[in-house]
Amino acid sequence: RHTMLQGDWSSDVCSSDLVVAALENHSPVSRLAVYMNAGPRNEQPGEVGICHALRNAANLTTQGASAFGLVKNLQQLGANFTCTTTRENMVYNLDCTRDKVDTAIDYLVDVTCKPVYFPWEISDSKPQFQLDLGLLASNPLAQLSEALHQAAFRDGLGRSLYMPSHKVGTFTSEMLADYFLKNYTGSNMALVGVGIDHDTLSQLASKFRFENNAKTAVSGSGYHGGEMRVDLPGSMVHAAVVTEGAGMSSADCLALTVLQHVMGTGPYIKYSSNAATSRVGKAAAQATDNPVAASCVMSAYSDSGLFGFQVSCLADDADKVLRSVKTAFADATKGSFTDKDVDSAKAQLKANYLMFIENGNNLVEEIGTQASSMAAVSDLEDVLKMIDAVTVADVNKAAKKFINGKPSMAAVGDISKTPYLDQLL
């Protein structure tokens, strides 16, 4: 048991193979989450989009409560319940006051272990899917993320968080039940909590029982590299160029994260220019006098990731902005980083991390992601020490290793003057 954020922290693996991780920070609100390794990455060819259907089915009837009863009882407890999806996990979050945990947990068990999937409830959910897809269509940056992952990974991690429009209304209750039985297992689950002690959470974990406790076999996602272009109305274009990055368990992951902050992740002072402190921001600003934004981007998953840059600019500026930022990334492979560059990036990284986990919901997310991906969670003090241990040599090595990899590209918006990937190289 270690000290973390002035609280008692511990994790272990229960007899049913599910991972339990708890942080007792004596908060008046307890935040619990079930992380199930059953996200879009697990979808088979005939199941593409089914996780979107499962996400929207989280508030439907279970063996223990009707859809109406689920809402009213959680409301009566003053609890908050949400279901979200990452590319690797289905995430069920429950927040309530400490004295209501014993009662509220039963509804979390019902949703994650005892769904019913009545056909009429599934068919009645069609308007919600149409709303979700409409919101996606109005968000070009979300579309950019979806296109970029599809271009880079094709399947596996390339599976979308949303179902295709032609799939709306095609998933039956039998299909949902089959996916649930295959992927919702004890070995695929992590139960995490903040504002609750480990012994109490371990006792509550015994309520989660599944017909199948076997670990679902998930093949490696496989980075391929490619290009996706989505033509949308408007005067702006959003584009990203990446290579394969490091997975969460990789020894290079932390050095690559420091490299991301060396290259620049956006302004740190409200309304300030990004050009003065960010290499990619400076490169983008030098290419045009018009408004432009650029940032180094990174995504890390259990066994792979993405690393590169993203820009948003006027369509007429796309070619010169992309080429300018690409040149800045090429220069980063020449071993030109100094101790001052790396020390500044490490300070920014530590500050960002500490500020991020000050929020209770973000803390649950951080613990849950680590527990579900690696079946263990790093102590806060150890994380800070590992960041401090990153050297200039580590960052220069990471730059050469990852920036020179096989590229992928996605562009969304007015792409009429956006260069293709082969033209950009």
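The largest cavity of this predicted model has a volume of about 80 Å³, where a cavity is a set of points on a 1 Å grid over the protein atoms alone at which a 1.4 Å probe fits but cannot get out, and a volume is the space filled by probe spheres set on the points, with grid points joined across faces, edges and corners. Local features need pLDDT of at least 70 and side-chain atom pairs count only at pLDDT 80 or more, whereas totals for chains, interfaces and linings use all residues. Residues are numbered from 1 along each chain as its sequence is written, and side-chain values use heavy atoms, with hydrogens and water left out.

**Cavity and pocket**

The structure holds 1 cavity of 30 Å³ or more. The residues that line the largest cavity, each having an atom within 4 Å of a point, include Leu54, Tyr92, Val111, Pro115 and Tyr184.

A pocket, by contrast, is an open set of points with protein on both sides within 12 Å along at least five of seven lines. The largest pocket has a volume of about 1500 Å³, and among the 43 residues that line this pocket, Met248, Ala300, Tyr353, Glu366 and Thr369 lie nearest its centre. Helices (DSSP runs of H or I, at least four residues) and strands (DSSP runs of E, at least two) are numbered from the N terminus; those that give two or more residues to the lining of the largest pocket include β4 (29–36), β10 (292–300), α12 (339–358) and α13 (360–374). Helix α13 gives the most, with 9 residues.

The table sets out both linings by class, with Ala, Val, Leu, Ile, Met, Phe, Trp, Tyr, Cys and Pro counted as nonpolar, Asp, Glu, Lys and Arg as charged, and the others, Gly among them, as polar.

| Lining | Nonpolar | Polar | Charged |
|---|---|---|---|
| Largest cavity | 9 residues | 2 residues | no residues |

**The sheet around β12**

An open sheet of 5 strands runs in the order β8-β12-β9-β11-β10, with mixed pairing; two strands pair if DSSP finds at least two bridges between them. Because β8 and β10 stand at the edges, each with a single partner strand, one side of each is left without a neighbour in the sheet. Neighbouring strands of this sheet are turned by 15° against each other on average, direction ignored, the axes being lines fitted to C-alpha atoms.

Strand β8 (residues 227–231) pairs with β12 in the parallel sense over 5 bridges; in this pairing Glu227 stands opposite Met409, and Asp231 has Gly413 as its bridge partner. Strand β9 (residues 236–244), on the other hand, pairs with β12 in the antiparallel sense over 6 bridges, and Val242 has its bridge partner at Ser408 in β12.

**Cysteines and a buried alanine**

The structure holds 0 disulfides, a disulfide being a pair of cysteine sulfur atoms within 2.5 Å. Cys96 is in no disulfide, and its nearest cysteine sulfur, that of Cys113, is 17 Å away; Cys96 counts as buried at 3% relative accessibility. The sulfur of Cys296 is 13 Å from the closest cysteine sulfur, in Cys253, which is too far for a bond, and Cys296 is buried as well, with a relative accessible area of 1%.

Ala21 has its place in strand β3 (residues 19–24) and is buried, with a relative accessible area of 0%. From C-alpha to C-alpha, Ala21 and Leu131 are 35 Å apart in space, and they are 110 residues apart in sequence.

How values were computed:
Buried means under 20% relative accessible area, exposed over 50%, partly exposed in between (1.4 Å probe, protein chains only). Axes are lines fitted to C-alpha atoms, for helices over the stretch in contact, and angles run from 0 to 180 degrees between N-to-C directions.
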